[in-house]
Amino acid sequence: MDRTSPTSTSTPSPTPAPTSTGTPTHCPYCALQCAMTLVRPEGAVRLEVTPREFPTNRGGLCRKGWTAAELLDHPDRLTTPLARRADGGFAPIGWDEAYDRWVAAIRRARETYGPDAVGVFGGASLTNEKAYQLGKFVRIALGSSRIDYNGRFCMSSAAAAGNRSLGLDRGLPFPVTDLDDAHTVLLIGSNPADTMPPFVQHLAAARAAGGLLVIDPRRSATAALTADGAGVHLQPTPGTDLVLLLALAHVVVAEGLVDQTYLTERTVGLGRLRPTLNAWWPERAEGVTGVPAHRIREVARRLAARPRGTYVLTGRGVEQHADGTDTATAAINLALLLGLPGGRASGFGTLTGQGNGQGAREHGQKADQLPGYRSISDPRHRREVAAVWGVNPATIPGPGVPAVELLAGLGREGGVRCLWVNGANVVVSAPDAVGVADALDRLDFLVVTDFFLSETARHADLVLPVPQWAEEEGTMTNLEGRVLRRRRAIDPPPGVRGELRIMADLAARLGAPGSWSTDPAEVFDELARASAGGRADYSGLSYALLDAEPAYHWPVTPEHPDGTPRAFTDRFGHPDGRARLVPVRPRTREGRRAALLVLTTGRALEHYQSGTQTRRVASLAAAVPEPRLEIHPDTAARWGIGDGELTEISSATGRAVARAVLSTAVRPDTVFVPFHFAGTLAVNRVVAPRTDPVSGMPDFKATPVSVRPVREEGR
């Protein structure tokens, strides 16, 4: 029996009784959050997934969703705390001893170096309840400012752009079903045919109208959907999307295609924007991007021809750059010039990647945010949240540092010395992956909570087992800002503890102020109160409402109990209600030599994020067992690389290997590698820790590299 107990006296939510129809829930992977039901067929040992009708997926699932339940009884599952032995291996220990070691490490770090020597790296797969409680735990139980999360690698540029241009960051500010009636959809830097396949059905009308417009350096599965008259594929050199967007906007302005009434009534800044567009006429942009000038004009005119029914959507391909915020801003500028955001049957949006990429950044995991998307630097916001937490606002630390900076400082003077990684696998997912692994080893103490022994967990002093998605209650917020219920279908294995319980136990041992419930429903109620009045306001929501009706899009308040499926219909999020046209300019890229190729990274259909889960699903791993280097046949011949040959990719930062696949789907100056793999197969070993100065987003999509064949034994 554990000698400590949570400070809350609440009774945890019971596991739902099994029903003949199973347990309705949502997929554990991407932000589409496809609806599914977990059932146990008569006589079966394992739970099985059946798709469920829902607006986002309409009964469809991708390969990852279909196989999600296979991980629930995987033999690699962690079920007991593990502690590092003197010989470098791990030994099982009890929870009491694990807590003793962890609390002792926290106290040593704080006493020796100060409160900011203790930190947390979170994840965008965590439920809203866990993400909220984690931000609260760091700030008032640890007294530290040092928290950030892997969503910094996903949506941070789009979020920064949305906040400064539109006054609000909500991935899709309209229901995904609005796209069903679109005749024109511009997709820039997104490949949903591989990353969220059920989404593609919402593009059917645009394809039928010949209006699917895809901007991508690769002829991806999504770009291939433009064939046979279904649309247009523009294939720029990686890292030149900003110039291409400026050229599209140039055509719209120069040819008088703007919505002048909309610009006058709903925006400010056109006068400052115009001069920055003058320099990027299509012929000049062609010289930078490689996209023919006539195709640029063709796409711009198509976008402007019938604004009602036209949408502009962005993804990681434009955002994961050192100028990602400006590039996302340029896409918003283009949409505003056309009068799309907030319009009838039109809009701008960004396709969130991770399962709770929206909710996990709204409630306190980001270095500079408090719950409800409040600013941690705003005195009023601090007072409002402190009142809910029952603490003095002065005790809440100020802003911390973004993820790449947090990781780079581990174990160094002024940096974190004792780190908890919860819901992330930074040894695979972060840029300069080898440098990150070295940084973890510099720490005085590393704790990792996970359900498998991930590559990051292998560096830990303490590994703690936590529940999987089907073993917990909670909420997730999908790419539309729709708040959804995650339901527990089975109990976790004995010995596994949820993060709410872990935080409550630690808070009690540390003598932390405030209440620390272990019941997700109670934590959600507190989250709702803490978010009241913020941009992401959940104050009108409760589990009872979400269980009865799953269609609530935030903000949901007592005054607006039906929620907000479509933002910006009347006003934007700035105090004056107007959107900002923000001038942006291309920056000179450093370190690129003509002799080098440009590496761009992304996802494979069969895998998700760092691959901790999908590489353990037999059918998915068999389909794509290792990374594939897509390289143009002419380029491969120039570098002496054969089809199927193991190839080394080198940059100024590091080296990785991948199996070459000759393909005309990539430009001759470009190579593509998915990032789901570990060890020498981790392509993020090659990516530099260079970041966007506004968002802190790493520059994943345009790394100068060289390639060469290697012998199999050198792998």
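A cavity is a set of points, on a 1 Å grid over the protein atoms alone, where a 1.4 Å probe fits but cannot get out. Grid points are joined across faces, edges and corners, and a volume is the space filled by probe spheres set on the points. The model is predicted: local features need pLDDT of at least 70, side-chain atom pairs count only at pLDDT 80 or more, and totals for chains, interfaces and linings use all residues. Residues are numbered from 1 along each chain as its sequence is written, and side-chain values use heavy atoms, without hydrogens and water.

The count comes to 4 cavities of 30 Å³ or more. At least two lining residues come from each of α4 (156-166), α13 (324-337) and β13 (347-350). Helices (H or I, at least four residues) and strands (E, at least two) are DSSP runs, numbered from the N terminus. By class, the lining has 8 nonpolar, 5 polar and 2 charged residues. Ala, Val, Leu, Ile, Met, Phe, Trp, Tyr, Cys and Pro count as nonpolar, Asp, Glu, Lys and Arg as charged, and the others, Gly among them, as polar.

The largest nonpolar core has 159 residues. Such a core is a set of buried Ala, Val, Leu, Ile, Met, Phe, Trp, Tyr and Cys residues joined through side-chain atoms within 4.5 Å. Buried means under 20% relative accessible area, exposed over 50%, and partly exposed in between (1.4 Å probe, protein chains only). Trp-102 and Leu-337 have the most contacts inside the core. Helix α7 (residues 241-254) gives the largest share, 11 residues. Apart from this core lies another, of 31 residues, among them Phe-153, Ala-430, Val-436 and Ala-439. Beyond its neighbours within four places in sequence, Leu-337 is in contact (heavy atoms within 4.5 Å) with residues including Ala-249, Val-252 and Leu-581.

Strand β26 (residues 670-674) is largely enclosed by the rest of the structure, because 5 of its 5 residues are buried. Thr-670, Phe-672 and Pro-674 point one way from β26, Val-671 and Val-673 the other way. Strands pair if DSSP finds at least two bridges between them. Strand β22 (residues 597-602) runs parallel to β26, joined by 5 bridges. Here Val-598 has Thr-670 as its bridge partner. Strand β23 (residues 628-631) pairs with β26 in the antiparallel sense over 2 bridges. Ile-631 is partnered by Val-671.

How values were computed:
On a 1 Å grid over the protein atoms alone, a cavity is a set of points where a 1.4 Å probe fits but cannot get out, and a pocket is an open set with protein on both sides within 12 Å along at least five of seven lines; lining residues have an atom within 4 Å of a point.
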